[in-house]
Amino acid sequence: MLNYVIKRLIYMIPTLIGMSIIAFTIIQLPPGDYLTSMLASMADSGANIDPGQIQRYREIYGLDAPMYEQYWKWISGILLRGDFGYSFEWNRPVGDLIWERMGSTLGISIASLLFVWAVSLPIGIYSAMRRHSVGDYAFTFLGFIGLAVPNFIMALVLMYFSYKYFGQSVGGLFSPEYAEAPWSWGKFVDLMAHLWIPIVVIGTNGTAALIRILRANLTDELNKPYVITAKAKGLPEYRAVVKYPVRIALNPFVSAIGWVLPELISGVTITAIVLNLPTAGPLLLRALISQDMYLAGSFILLMGVLTLVGMLVSDILLALLDPRIRFN
Amino acid sequence: MGSISRRAFIVASSAFAGALAMPTWARAQGTQESAFLKSEVDAGNLPPVAERLPANPLVITPFERAGQQGGDWNHALVGGGSLSMLVRYQGYEPLVRFNPDWSGLVDNVAESWSVNPEATEYTFTLRKGHKWSDGVPFTTADVQFWYDAYFTDAEATLGGNAWWSVNGEVAKLEVVDEQTFKVIFPAPNGFFVQQLAWAQQDQMTRTPKHYLEQFHIRYNPDADALAKEQGLESWIALFQREIGMLDDNTFYQNGNRPTLNAWVFTDGAPGENTERAIATRNPYYFKVDDQGTQLPYFDRVVYQMVADPEVLLLKTLQGEIDIMDQYICTPANKPVLFDGQETGNYGFYTLKETAANVMAFQLNLNHLDPVKNKLFNTMEFRQAMSHAVDRQALIDAVFVGQGSPAQPSMREGDPLYNEQLAKQFTEFDPAKANELLDALIPNKDGEGYRQDEEGRRVSIIFEIDQTRTTFLDMFELAIPMFQAIGIDAQMRTMDRSLWEERVRRGREYDATAHQFGANSGIAAMLDARFYVPINNNCFYAPGWALYYTQPDNEAAVEPPEAVKAQQELYRSLVGTADPAKQNELMAQVLQNAADLFFTFGVSLPADGYGVVKNDVVNLLDTMPNSFGWPTPGPARPEQFFKA
């Protein structure tokens, strides 16, 4: 097992190098660079720009150097000094920008992930055991609605309702009057009043898929002879189902963790923009639009690392959960 | 309150004693101290208000009535790090500024200014005792520093500031004394002060020497070491970040640099906090109202950072935003904002649109293909294209009927209005268009499209930046109109950065469409993009425009005589300082523009609107909407307050 983990970690190194190169290249692919988009938006707002300035700007930003040189500057900074470079648009180190958004990002993502699991596990089990019942259809119907309605529409509708009927300040995590206040019970309540919208919006999207997967897997297991034997021997239905078939049906949950980790950062971008949440997604989108390459590149690299780590974690968990899986 | 404290008595009587010798603003003022700053003053951290103001502060007469200091201006900014809006609200403090109705100039940071009759020598006088937001005096030394350490410093300069040069030669700065300096041009430069008044173009009031000199190698030999400490490669990078002339984001993200503005970011610059940015009053601000109260009235400006305009719309409906005319004030949002007036407790004001047209069709008159080049340069061809467009249909469908057919031109009612320029070839007349084209390119192919001299189908691809949604809507309707006269018009939408690359910096496009430009007085003289090809906003003639500034450049195209004459006329306009003469020359430029007929448009833009809370006082009911007149900056946000 330990050997396996070490081997996997070593394999990660070339993968990461490849990923960093691809990430950097993709960001450079669209025509123009950060300056092009900056000058475009300046010209758009009416500022006069002298074409002669552009070359001078390029030199100062170091954008006139060839691509491999820019890449080396970026990657050597990360490897040697842990320095992710400087964001052109924000004029601040990329590391600071990303870290200060990590708290709220992880908080919201994990809360909604737990919401998804808390809702879909019991429903999935119920639906599998009472297939084609009224309850099964009702939950399936709700789940599909959640899946089918685009997140941002649902976010806008919920925000409108919370404005219309609760008279609440919309967007963000706090009302203006609490934003600068120190932590208190009132501030916590205010946070909860804001937090339910993103959790529900992000959550509903994930529940339908998980309910269906769990329902399908569990249905397969429930008809297997060992379950019938267990029931025949007088095991209560609850124990007969939860002890073995549910464990096996959980495999897809666990193997999906590899994708969940990067999703935590980038998955809810549109929702976060609509809901005005101070998370990392909108920052990434903005960086991509303005071609702020060090910020965007570092984000993509970070997501690559998280995917790799997530895959490893889910492989290990899978082995723990299902003793039949062996490493070789 | 029967008794009067000893302190108050002394204050009151000494104020009375001084009254006879003092100017009116000071007489009325007494010793009123801002409640917001009182604790600082009492603790001895700040001098009292009388010592903070310049000897001759700028006295502002509020639009409606004088108010009182205090309160927050609740505001919002949409979209990541985009801070170019801040100049509108708290960054418009040039030496000389545009007046509130954009008909002329008024003194601002400069106490007075003058120009000699030849328009070669400008003299500015600063205010004695004027101080930066940290209390250090603002003098001509700061202006000199900008000129020496930044503008003319080969390593530090970013170029730009084109209004400082005439015929490629940079003006000289001559400092007379602590308050007076001269700018001397080698040849006439008539619009120097107007250019300085244009938003974000006056850099002389933005470079505190005492703060910035530590980052410049000539003033501090250790500047390189300082830069290395901050993780930057050289002093140049650090100096650029600190001086912030690269772009608006860099400028406002530095909260440490002292400023002359009404509000200062003290508690973290915008961008550091992802949810809000707060600017507080500048204790040394140089303006007072006619009652002697130091401005600004608002103690703080609180910007909520909003990622999406729809969220801002909801916040505005809820009454969380005091004044807003950007982002959300579109024709489509008007009904919902109108319905929400009562609950949100706000009303509306009018924005006069200043753009020359909602969209100008621009054929590339410097096309590299000789056949297309010849065709596009034929006046009758452009006339036919213009007659083919049913402008009223476009206006009805895209602008809910708001507007009336017009070419890119001056607004009706402006003294410089030229009817020919505005209205020629605007009537929808496909028969006339076909007649004109039959004389030029009569041959048609099997599908009914016309063929050019070489037998190729006449196709025109309009390359459009896809973020301009109104353009896309208009083109959906306009393309069948062009096809109806046998022109194979097509629209190609693309990402903005590709568009910038292909059109703004490219040559190989058939045609494009764009907007902006200006439709009135001073603005049109400064931004004459549709009337004469002079800069890289003139997409109809990129080669001619380059010829105007760099005739020796390889990519420049020598224009025909009529266009060259128009450029020379504009050059002489720019060299004229006398307003009457300026108007006369501009009228001529416009008449020539009408005869040359470079571009054709759809409609003058209809008036826009803004939303203002009912308790906000002193905001004008009608304002221009512009970047150069950074709405509402010239209407003096410092005298806004809440009743």
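## Basis of the model

Residues are numbered from 1 along each chain as its sequence is written, while chains are lettered from A and ligands numbered from 1 in the order in which they are written. In this predicted model, local features need pLDDT of at least 70 and side-chain atom pairs count only at pLDDT 80 or more, whereas totals for chains, interfaces and linings use all residues.

## Contact between chains A and B

Chain A places 40 residues in contact with 44 residues of chain B; contact requires C-beta atoms, placed from the backbone, within 7 Å. On the side of chain A that touches chain B, at least two residues each come from helices 2 (34-44), 3 (51-61), 7 (151-166), 8 (176-179), 15 (269-275) and 16 (280-289) of chain A. Helix 3 of chain A gives the largest share, six residues. Helices (H or I, at least four residues) and strands (E, at least two) are DSSP runs, numbered from the N terminus.

## Domains of chain B

Chain B is assigned domain 1 (6-60), domain 2 (61-93 + 246-352 + 607-643), domain 3 (94-204) and domain 4 (360-601); the bounds come from an automatic or database domain assignment. The C-alpha centres of domains 2 and 4 of chain B are 36 Å apart.

## An open sheet in chain B

Four strands of chain B, in the order 15-22-16-24, form an open sheet with mixed pairing; pairing requires at least two DSSP bridges between two strands. Strand 15 (323-324) and strand 24 (622-625) of chain B are the edge strands, each pairing on one side only.

Strand 16 (residues 346-353) and strand 22 (residues 608-613) of chain B are antiparallel and pair over six bridges. Opposite Tyr346(B) stands Lys613(B), in strand 22 of chain B.

Methods:
Two residues are in contact if their C-beta atoms, placed from the backbone, lie within 7 Å.
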